[in-house]
Amino acid sequence: MISDLKSSGFEVFISIGGGAGPVLDCDTDNNSQFIDNFLNGILNITATYGFDGVDFDIEHRSGDMIKCAELVSTVMDELYANELKVSIAPQMPNLYPDGHTVGGGFNELAPLIAMENVTVLESVQAQMYNSWEQVETVSYAETYTKELNDGYNVTGDGQTFFVQVPHTQLVLGYPSSHRAAGTGYIDPTKLKSMYQTLKSQGLTIQGFMTWSIGWDQQNDWDFANTLGNL
């Protein structure tokens, strides 16, 4: 399947983590071993199956968030040095320009994105769902895009990080149907209109991400058919 997709012109990434993924424990006493094991495991998989890149969907973490960012940043840098593309799919609260501290479920991935942007990350695919009602709107997504494009400061462990995601690097993620996620579904026609509005303002985003292709198939490919050719 991977070779078929690549022969059709698609890039294929392997995703690490996810809602059902394990906890990433960043309180390790042996950083070099942690990095080596993490990196070599990924490199073996990508070489075996021919993936073009790696997407980090780090939803469960424990330990010091800044230390976690530093460890994962080192892994990302090495993947990039090995000519693999790297992306990240933060849950929206963990890349939240309306908050300015790291912790409590907010901005926990912001320091990592600050460390890796813009040279390493191919895209930042924000998950705009399973959060809360006020931010699961077209209006908020437009504001969110502008705020990330401008950048914001976030503080953790006494350090301040400037976090910026240019609109050309930003991918907005939404469920492909009402059943695909607990909350956050927006009709794809409204998302298409939002894309066009942002484009008219000089803020053309890289595209849309959906959870997931399986749910979209069950929904008669509405998400792909509406947004696939932007």
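Reader: How do you know that the length of helix H2 is close to what is expected?

Author: Helix H2 covers residues 31-49, and its 19 residues reach 27 Å from the first C-alpha to the last. The expected span of a helix is 1.5 Å times one less than its number of residues. For H2 that expectation is 27 Å, to which the computed reach is close. Helices (H or I, at least four residues) and strands (E, at least two) are DSSP runs, numbered from the N terminus. The model is predicted: local features need pLDDT of at least 70, side-chain atom pairs count only at pLDDT 80 or more, and totals for chains, interfaces and linings use all residues. Residues are numbered from 1 along each chain as its sequence is written, and side-chain values use heavy atoms, with hydrogens and water left out.

Reader: What makes the buried residues of H2 line one face of the helix?

Author: Buried means under 20% relative accessible area, exposed over 50%, and partly exposed in between (1.4 Å probe, protein chains only). In H2 the buried residues are Phe34, Ile35, Phe38, Leu39, Ile42, Leu43 and Thr46. Viewed down the axis of H2, they fall within an arc of 140°, so they line one face; the arc is that of the directions from the helix axis to the C-beta atoms. Asn37, Asn44, Ala47 and Thr48, on the other side of H2, are exposed. The cover over the buried residues includes strands S1 (13-17), S2 (24-25) and S3 (53-57), together with H3, where contact means heavy atoms within 4.5 Å. Just after H2, glycine 50 takes a positive phi of about 80°.

Reader: Why is tyrosine 144 called buried?

Author: Tyrosine 144 has 0% relative accessibility, and therefore counts as buried. This residue is found in helix H5, and touches Met92, Leu95, Pro97, Ala126, Met128 and Leu172, leaving aside residues up to four places away in sequence. The buried residues of H5 pack against strands S6 (121-127) and S7 (152-156), as well as S9 and H6.

Reader: Why is the set of 60 residues called a nonpolar core?

Author: A nonpolar core is a set of buried Ala, Val, Leu, Ile, Met, Phe, Trp, Tyr and Cys residues joined through side-chain atoms within 4.5 Å. The largest such set has 60 residues, and those with the most contacts inside it are Phe56, Leu79, Leu172, Tyr174 and Phe208. Helix H3 (residues 65-81) gives the most to this core, with nine residues. In soluble globular proteins, nonpolar side chains tend to be buried together.

Reader: What makes S9 and S10 a pair, and in which sense do they run?

Author: Two strands pair if DSSP finds at least two bridges between them. Strands S9 (residues 170-175) and S10 (residues 207-211) have five bridges, in the parallel sense.

Reader: Which handedness has the β-α-β unit of S9, H6 and S10?

Author: A crossover is right-handed if, with the strands pointing away from the viewer, the path from the first strand over the helix to the second runs clockwise. S9, helix H6 (residues 188-200) and S10 make a right-handed unit.

Reader: How do you know that the span of H6 agrees with its 13 residues?

Author: At 1.5 Å a residue, H6 should span 18 Å, and its end C-alpha atoms are 18 Å apart, which agrees. In H6, Pro188, Leu191, Met194, Tyr195 and Leu198 are buried. Seen down the axis of H6, these residues fall within an arc of 110°, so they line one face of the helix. Lys190 and Ser200, on the other side of H6, are exposed.
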